[in-house]
Amino acid sequence: MSRSRPPRIAVVGGTGAVGQTLLGLIEQRGFAHDSVRLIASERSAGRTVSVLGRTVVVEDLRTTDFSDVDIAFFSAGTPVSAEWAGKAAGAGALVIDNTNAFRMDPASQLVVPQVNGALLAERPISGIVANPNCSTIPLVRLLRPVHEAFGLRSVYVSTYQAASGGGQNGIDELYDGARSILAGDTAQARRFSQPLAFDVLPAIDVLQDDGFTLEERKMRQESRRILDLPGLDLVATCVRVPVENGHSEAVTLECDRPVDATELARLLDAQDEVKVWREGWPTPRTIVDAPDLVHVGRIRVDPERPNRALLWLVADNLRIGAALNALQIAERAVQEGIA
């Protein structure tokens, strides 16, 4: 498919934290577009907002006609995507979905452009490209070169995920809780299972019958699919921490061959949009000047097990873990002529 004009885009959930980040990135990266529409629930429909220098009236999703949309970004939650993304794709739009609704759907693609972007040479059967989980995206961007250089045998990862993973409601809840506790009152939990302020919550998403959470299961399943390593041994423990934005991960890698720490640092530093910290280490607060990079630090090899390497990564979950990856999918889709 080739077109003489830039794509017409729509953003479902454009007033949320990820949607707003996406709109900012479209402007910052100069993503060419013919038109932009904001689509939301009946509650938000009719509002007038300024978007990319234009005044836009938020449309009601229930009455939206997607036949004149080329790319539709969905970021309004899994139930909304499950009901509406297929209808938008059926009307002709290429849907880029930021929820869990289609990540394991064989008719849809699950894409991190730096890892398996070649899949975008063909339009998916369903017309839907799924955006992976916010913690999976930065992890697989590092696992791919490690596997190619040293052979991945096992991956053990513990995540430290920020309040913004729960959207703007999660951020608001963190600040409300902190103010309540500092005032001597009791914090209330709305978005999270327990109050997050001044605490850590060792479970994210729905608890499964085997004791793992859905978030932990997603990291295993999605990593295997993106890397095309269906037998990869990967286990995760996902923890919510009282940080506004920026996910961190402690990663232990068991490889087929001995790993040299200096060689591993050089390898990761050579990857697109990855920064290796050789002095100090990255944290959610120290990466704000370069939020579009995956930051890596504390690279080391276990002196008693030379095939075992450990590292620490930090990434902006609203950008790299959601909106930026979605936009890079769109950029690649346009380049490949499927949108």
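A residue counts as exposed when its relative accessible area is over 50% and as buried when that area is under 20%, with partly exposed in between. The views below are taken from a predicted model.

**View 1. F198, a residue other than glycine with a positive phi.** The phi angle of F198 is near 60°. F198 lies in the loop that connects helix α5 (167–182) with helix α6. Its relative accessibility is 56%, so F198 is classed as exposed. Most residues other than glycine have a negative phi.

**View 2. E273, in the loop between α7 and β13.** The loop runs between α7 (261–269) and β13 (274–276). Although E273 is not a glycine, its phi is positive, at about 60°. Because its relative accessibility is 28%, E273 counts as partly exposed.

**View 3. E216, a buried residue without a salt bridge.** E216 belongs to helix α6, which spans residues 214–227. The nearest side chain of opposite charge is that of R217, 8.8 Å away. When residues up to four places away in sequence are not counted, E216 touches A236, T237 and C238.

**View 4. The packing of helix α4 against helix α8.** Helix α4 comprises residues 136–150 and helix α8 residues 319–336. Their axes are 8 Å apart and form an angle of about 85°. The two helices, α4 and α8, are therefore roughly perpendicular to each other. On the α4 side, I137, P138 and R141 take part in the contact, meeting I320, G321, A322 and N325 of α8. The residues of this contact comprise four nonpolar, two polar and one charged.

Note on methods:
Residues are numbered from 1 along each chain as its sequence is written. This is a predicted model: local features need pLDDT of at least 70, side-chain atom pairs count only at pLDDT 80 or more; totals for chains, interfaces and linings use all residues. Side-chain values use heavy atoms; hydrogens and water are left out. Helices (H or I, at least four residues) and strands (E, at least two) are DSSP runs, numbered from the N terminus. Buried means under 20% relative accessible area, exposed over 50%, partly exposed in between (1.4 Å probe, protein chains only). Lys and Arg count as positive and Asp and Glu as negative; His and the chain ends are not counted. A salt bridge is a side-chain nitrogen of Lys or Arg within 4 Å of a carboxyl oxygen of Asp or Glu. Contact means heavy atoms within 4.5 Å. Axes are lines fitted to C-alpha atoms, for helices over the stretch in contact, and angles run from 0 to 180 degrees between N-to-C directions. Angles under 35 degrees count as roughly parallel, over 145 as roughly antiparallel, 65 to 115 as roughly perpendicular and the rest as oblique. Ala, Val, Leu, Ile, Met, Phe, Trp, Tyr, Cys and Pro count as nonpolar, Asp, Glu, Lys and Arg as charged, and the others, Gly among them, as polar.
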